[in-house]
Amino acid sequence: MRIAKFMAAAGVASRRKSEELIKKGVVRVNGRFVYDPATNVNPEIDEIYVSGRKIRIPDEKIYIMLNKPVGCVSTCHDDKGRRTVLDYVKGIDQRIYPIGRLDFTTEGLLLLTNDGELANKLMHPSHEVTKRYYVVVDSYVSQDEITQLERGVVIEGGKTAPARIKVMNATPERTELTIIIHEGRNRQVRRMFETVGKNVVFLKRISVGDINLGPLKKGKYRMLTNEEVAYLKSIK
Ligand code: URA
């Protein structure tokens, strides 16, 4: 097996990023540094270390849904000592990591796994699955502004792809809506609303593709069902 493929399956990074790591000289096979991404390894016998840490493909794959609360970073460690998603997912003795990100101030559906191939696939821009968010804005959002947001607005990094918005309630002080986007750019929903002068005061991800948060309580997690896992794997 190609070493970059092994690294992706072990959850280190995507294959392309793994190849960059190899060229950088942080990967050792059986004690020797390798620099050639075309190197083949045998996962049964070879010992592979990345930046001094031994990596392996997990025997048992785990797929978790967490209802991430506000005030928690969607990573596994934080240099600033803030609460991380791992503080909410206890009793799992495998190294798991989140599929994508949610802001510190955003709550809702976050998937975690130790399946590197699936995580890399879902995070790759070419597979960007739809994500549905419940949004509260602290003012009135007009139909004209909704249309602009749906057609695409220019934020740093370029125009956003078409989105779908459903307004549930709109008053001069507050607008409640859901938005479906299929990109995953940094702070995307908040920045989209900023382009039309609106301030998002509450943001919750309620679904990723066909996977819904449902009644899962804030700060709680559950294993995905076999059907949900099969669905994620079937995404092309
Ligand atoms: N959009 C945002 O602005 N924040 C998130 O966390 C997710 C989407």
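Q: How far apart do the C-alpha centres of domain 1 and domain 2 lie?
A: They lie 26 Å apart. Keep in mind that this is a predicted model.

Q: Thanks! And which residues does each domain take in?
A: The domain assignment gives 3-55 for domain 1 and 130-208 for domain 3. Domain 2 is made of two stretches, 63-114 and 211-234.

Q: Switching to the sheet: in what order do the strands come?
A: The order is β2-β1-β3-β4, an open sheet of 4 strands with antiparallel pairing. β2 (32-33) and β4 (53-55) are at the edges with a single partner strand each, so one side of each has no neighbour in the sheet.

Q: How many bridges join β1 to β3?
A: There are 3 bridges between β1 (residues 27-29) and β3 (residues 48-50). Within that pairing, V27 is opposite V50 in β3.

Q: Now the ligand. Where does it sit?
A: The ligand is in the largest pocket. Residues around the ligand include L102, T106, Y133 and L203. Helix α5 (residues 188-195) gives the largest share of that shell, with 3 residues.

Q: Which backbone atoms lie by its oxygen atoms, and at what distance?
A: For D103, a backbone N or O atom is 2.7 Å from a ligand oxygen. A polar backbone atom of R190 is 3.0 Å from a ligand oxygen, and for R187 the distance is 3.3 Å.

Q: What percentage of the ligand's accessible area does the protein cover?
A: The protein covers 95% of the 230 Å² that the ligand has on its own.

Terms used
Residues numbered from 1 in each chain as written. Predicted model: local features only at pLDDT ≥ 70, side-chain atom pairs only at ≥ 80, totals over all residues. Heavy atoms only, no water. Pairing = 2+ DSSP bridges. Helix = DSSP H or I, 4+ residues; strand = E, 2+ residues; numbered from the N terminus. Domains from an automatic or database assignment. Near = heavy atom within 4 Å. Polar contact = N/O pair within 3.5 Å; in protein donor to acceptor, adjacent residues only side chain to side chain. Areas by Shrake-Rupley, 256 points an atom, 1.4 Å probe, with all protein chains shown as cover. 1 Å grid on protein atoms, 1.4 Å probe; cavity = no way out; pocket = protein on both sides within 12 Å on 5 of 7 lines; lining within 4 Å. Sits in = over half its atoms within 2 Å of the grid points.
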